[in-house]
Amino acid sequence: MTAEIFHPETYTRAVPYDRFAELRRTAPVCWIEEPAVGAWPAGPGYWGVFAHADVKRVLRDPQTFSSHLGGTQIRDPETREDLGFVRAMMLNQDPPAQSRLRRIVAAAFTPRAIRRLEETIAERARVLVDEVLPAGHADFVEVAADLPVWTLARIMGVPDEDRRLLYDWANRVIGYQDADYAGLSTADAAVLSPLGRAALAERPASMTRPDGRPLSPRSRAGLADMYAYAHGLAAATPVGAEEDGGGIVGRLLAEGLTDDEFENMFFLFAVAGNETLRNGIPGALLTLLEHPDQLDRLRRDPGTRLDPAVDELLRFWPPVMQFRRTATCDVTLGEQEIQIRAGDKVVVYHASANRDETVFPDPDRLDLTRSPNDHVTFGFGPHYCLGAHLARTQMRAMLGQVLARMPRIRLDGDPVRLTSNFQNGLKHLPVRWD
């Protein structure tokens with residue numbers, strides 16, 4: 001049985017690394033069942049890809065393994081209209097269309113651009129630690145969650161008072177399989193801007209369709225409030241490059257994107273841009289707390305060890321566990337020469353590839369000095385994550401504050417994992433320090 005690989009409940013206990021290792025040995029490309037989950041109906045199943053080399057092959061070959069045909073989520077979009085809408089997203093396109101959209105936003109994520117943000121990111125991380133330090137304890141998920149939201153709000157030109165909306169939109173999308181997150185709304189209308197309050201009024205009253213089927217949180221209807229906000233922000237934003245005062249939204253407007261393209265690009269920044277870090281930073285801290293010897297070594301010399309440590313922590317705790325492609329033609333994959341048919345779903349498991357023993361010696365051991373470190377946490381090929389440098393910068397900033405100012409940080413209760421087969425997430429990470 002392979003259904004446990006798909007089932008979100010599996011991941012509330014832990015990522016099934018032992019099962020991944022078994023599959024890499026016995027069936028590195030294999031058929032995964034896709035059972036019904038709650039109100040979500042069963043799917044047709046898909047080919048799971050678990051070995052590092054096969055994962056890279058799929059990711060670097062969009063002509064054979066398309067992001068566009070069916071999107072990049074395991075579950076198919078609910079309707080043809082939903083599929084058409086998500087296909088406008090850069091994440092769900094193939095070159096050359098994907099290359100055009102990537103070029104438009106690439107300037108915001110160059111190392112030079114991120115260097116201009118480093119001081120402000122470091123200062124924000126310091127402020128977040130300042131706010132909780134006197135208490136001696138906190139839920140670190142809540143502490144860390146604000147940094148990526150705050151950072152992206154600045155890149156996007158979202159006012160400070162509205163940044164909690166970014167948090168809520170991400171909750172709706174990444175937590176739709178988790179009852180605690182699916183309907184969570186934390187934005188206080190009293191402190192939102194007029195634009196934020198107007199958008200909040202467009203929030204779907206229910207995440208269930210009139211026919212009783214679930215409403216996809218990735219659809220236009222499922223995020224109606226976010227898209228209303230996006231268009232309101234666009235109307236108030238100067239058209240042009242960042243240096244003209246328009247921020248990244250101004251750049252998007254200047255490029256003449258279609259409505260579908262603009263809305264989906266806003267989604268990528270507002271949701272995909274913050275969901276990974278708000279899971280990756282707490283996951284990195286939990287990993288360190290579970291490996292006190294490595295934490296002590298890092299604390300003794302953070303200046304030289306933090307950079308390689310961040311990459312090893314990303315390998316060990318990849319925030320995104322898998323992504324989907326769709327075969328464009330009949331093809332064989334893997335040493336077994338598995339026959340994949342045109343139209344089949346093909347899902348690459350980054351979390352498994354990052355523990356492949358043929359690439360990473362002693363892969364289940366955390367080694368903060370590991371080099372080389374060919375992890376695929378940020379993907380590979382034409383869809384390699386544009387925000388990788390920004391992600392590393394934020395992780396360094398937050399972990400640096402913890403190392404310097406919370407010398408005896410430790411767990412203060414049991415971590416609580418997110419119910420999700422996509423995001424390797426934590427809902428709660430209670431910690432205490434002296």
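Over the face of which residue does Arg315 lie? Arg315 lies over the face of Phe360, 5.2 Å from the ring centre; a charge sits over a ring if NZ of Lys or CZ of Arg is within 6 Å of the ring centre and within 35 degrees of the ring normal.

1. Basis. The model is predicted, with local features needing pLDDT of at least 70 and side-chain atom pairs counting only at pLDDT 80 or more, while totals for chains, interfaces and linings use all residues. Residues are numbered from 1 along each chain as its sequence is written, and side-chain values use heavy atoms, with hydrogens and water left out.

2. Aromatic pairs. The whole structure holds 12 aromatic pairs (rings of Phe, Tyr and Trp, the last by its six-membered ring, with centres within 6.5 Å; planes under 30 degrees apart are stacked, over 60 edge-to-face, the rest tilted). One of them is the edge-to-face pair of Phe6 and Tyr46, at 6.4 Å centre to centre and 65° between the planes. Because Phe6 lies in helix H1 (residues 3-6) and Tyr46 in strand S2 (residues 46-49), this pair ties together parts 40 residues apart in sequence. Helices (H or I, at least four residues) and strands (E, at least two) are DSSP runs, numbered from the N terminus. Phe6 is buried at a relative accessible area of 1%, and Tyr46 is buried at 0%; buried means under 20% relative accessible area, exposed over 50%, and partly exposed in between (1.4 Å probe, protein chains only).

3. A second pair. Phe85 and Tyr227 are also edge-to-face, with 5.5 Å centre to centre and 90° between the planes. The pair links distant parts of the chain, 142 residues apart: Phe85 is in helix H5 (residues 80-86) and Tyr227 in helix H12 (residues 224-235). Both Phe85 and Tyr227 are buried.

4. A ring cluster. Tyr17, Phe20, Phe50 and Tyr349 are linked into a cluster by ring pairs. Over the ring of Tyr17 sits the charged end of Arg355, 3.7 Å from the ring's centre.

5. Arg417. This residue is in strand S10 (residues 416-417) and counts as buried, at 12% relative accessibility. Beyond its neighbours within four places in sequence, Arg417 has contacts that include Tyr11, Asp178, Trp317 and Asn424, where contact means heavy atoms within 4.5 Å. A polar atom of the Arg417 side chain lies 2.6 Å from the backbone oxygen of Tyr11. The side chains of Arg417 and Asn424 make a polar contact at 2.7 Å (a pair of N or O atoms within 3.5 Å; within protein, one must be able to donate a hydrogen and the other to accept it, and residues adjacent in sequence count only if both atoms are side-chain atoms).
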